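Here is my note on the model, point by point. Please read it with the structure open.

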Amino acid sequence: MSQAIQYTQLGGPEVLTLVEVPFPEPAPGTVTVRVEAAGVNPIDWKLRSGLRATPPFEGPRGTGSDGAGTIAAVGEGVDGFRVGDAVAFCNAAGAYATDVVVSAAHVFPRPAGVSAAAAAALGVPAGTAYQVVRSLAITTDDVVLVHAGSGSVGQFVIQFARLFGARVIATASDRRAGTVTALGATHVTYGAGLTQRVRALGIEVTAVIDCAGTHEAIETSLAVVADRSRIVTIVRGKEADSWGIRAFMGGSPHPMTAQQLAWRIEAMPVSLALMATGTLTVEIGESYPLERAADAQAASQAGRDGKLIITP
């Protein structure tokens, strides 16, 4: 038997329940991963609460998509994995579990020296950051303004943009200034007066990646970059068209292209390799046992610092 977090109705964290389930046998083209760590992402609680639209319930739902662990079983037609291999994965259905079935196309070898927690922190935030930076074709000629640079996605945006040679300005609170400067970004405090503070740096911004979605973030983005095709939001997708900017997120009226979706998956092996050499880092926050998944999602919704992890 295995254990998994499931819910049968939309609502607050209290709808999450730890249940006993049969060991999930892999179908052809899939593997079963024994989960050592699962990443907690805002999309998890947005789906659970109904803030992000989902189809009607047809039975219990799992939660969580990113994780890491070891291969527990290999489905028919899968090459390259053996039971016991250390791996990381993304795009799973129900990663908050002791065992989860994942498409082999979304499972990647985990290099020695990359912890399960660090690998589980990659999927959604690193995939989003990498795809957005690639979509904007960031180069050494760019100065990139990142809103909410100290968040999980923002930290990866800073690192990928710098790896592509760009100079980065990142908004964060004064308390979190050291987080973004340690990654090589120039810190600017967010909030009222943000446009003036960015302009006071005397640096021409060529691209903006909005991970905050606040009024000040959008207002500043429109004020400092004339080419609106080089302004991206991952928060305000429904309103992006009205401002003439780009959006990459669920609910956006413009679905991502096949290339953009491929970049989100490509981010996993790229990030794992960079982590193995110490080139890419992640800030790990609190860890929660499986039975405290509700607390983990509540902490995520409250904006707790660092990447939150479930440890089955």
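1. Terms and source. Helices (H or I, at least four residues) and strands (E, at least two) are DSSP runs, numbered from the N terminus. By that rule, Leu163 is found in helix H4. This is a predicted model, where local features need pLDDT of at least 70, side-chain atom pairs count only at pLDDT 80 or more, and totals for chains, interfaces and linings use all residues. Residues are numbered from 1 along each chain as its sequence is written, and side-chain values use heavy atoms, with hydrogens and water left out.

2. Helix H4. H4 runs over residues 152-163 and has 12 residues. From its first C-alpha to its last it reaches 17 Å, close to the expected 16 Å. The expected span is 1.5 Å times one less than the number of residues. Just after H4, Gly165 takes a positive phi of about 95°.

3. Burial of H4. Buried means under 20% relative accessible area, exposed over 50%, and partly exposed in between (1.4 Å probe, protein chains only). H4 is mostly covered, with 9 of its 12 residues buried. Among them are Val153, Phe156, Val157, Ile158 and Phe160. Gly154, Gln155, Gln159 and Ala161 are buried too. Contact means heavy atoms within 4.5 Å. The cover over the buried residues includes helices H3 (123-135), H5 (177-182) and H9 (258-276). It also includes strands S9 (143-147), S10 (167-172) and S12 (207-210).

4. Leu163. Is Leu163 buried or partly exposed? Leu163 counts as partly exposed because its relative accessibility is 43%. Leaving aside neighbours within four places in sequence, Leu163 is in contact with Leu274 and Thr279. Leu163 and Leu280 are 117 residues apart in sequence, yet 9.3 Å apart in space, C-alpha to C-alpha.

5. Nonpolar cores. A nonpolar core is a set of buried Ala, Val, Leu, Ile, Met, Phe, Trp, Tyr and Cys residues joined through side-chain atoms within 4.5 Å. The largest has 48 residues. Leu122, Ile138, Val144, Val157, Ile158, Phe160 and Ile209 touch the most other members. Helix H2 (116-120), H3, S9, H4, S10, S12 and H9 each supply at least two residues of this core. The largest share, 7 residues, comes from H9. A second, separate core of 28 residues includes Val33, Leu290, Ala299 and Leu308.

6. Around Ile138. Not counting residues up to four places away in sequence, Ile138 touches Val133, Val144, Ala161, Phe164, Ala166, Ala207 and Arg230. Ala137 lies in the loop between H3 and S9. Ala137 has a positive phi of about 55° although it is not a glycine.

7. Ser135. Ser135 lies in helix H3. At 15% relative accessibility, Ser135 counts as buried. Beyond four places in sequence, Ser135 touches Arg246, Phe248, Gln260 and Trp263.

8. On a 1 Å grid over the protein atoms alone, a cavity is a set of points where a 1.4 Å probe fits but cannot get out. A pocket is an open set with protein on both sides within 12 Å along at least five of seven lines, and lining residues have an atom within 4 Å of a point. Grid points are joined across faces, edges and corners, and a volume is the space filled by probe spheres set on the points. The structure holds 1 cavity of 30 Å³ or more. The largest cavity has a volume of about 60 Å³. Its lining includes Ser152, Gln155, Phe156, Arg176, Glu283 and Lys307. H4 gives the largest share of that lining, 3 residues.

9. Second largest pocket. About 180 Å³ of space lies in this pocket. Of its 14 lining residues, Ala4, Gln6, Gly62, Ala93 and Gly94 are the closest to its centre. Strand S1 (2-7), strand S4 (61-62) and S7 give two or more residues each.

10. Two last residues. Asn91 lies in the loop between strand S6 (86-89) and strand S7 (99-103). Phi of Asn91 is near 60°, a positive value in a residue other than glycine. Val21 is in strand S2 (residues 17-21). Val21 is buried, with a relative accessible area of 17%. Not counting residues up to four places away in sequence, Val21 touches Met1, Ser2, Gln3, Ala4 and Gln6.
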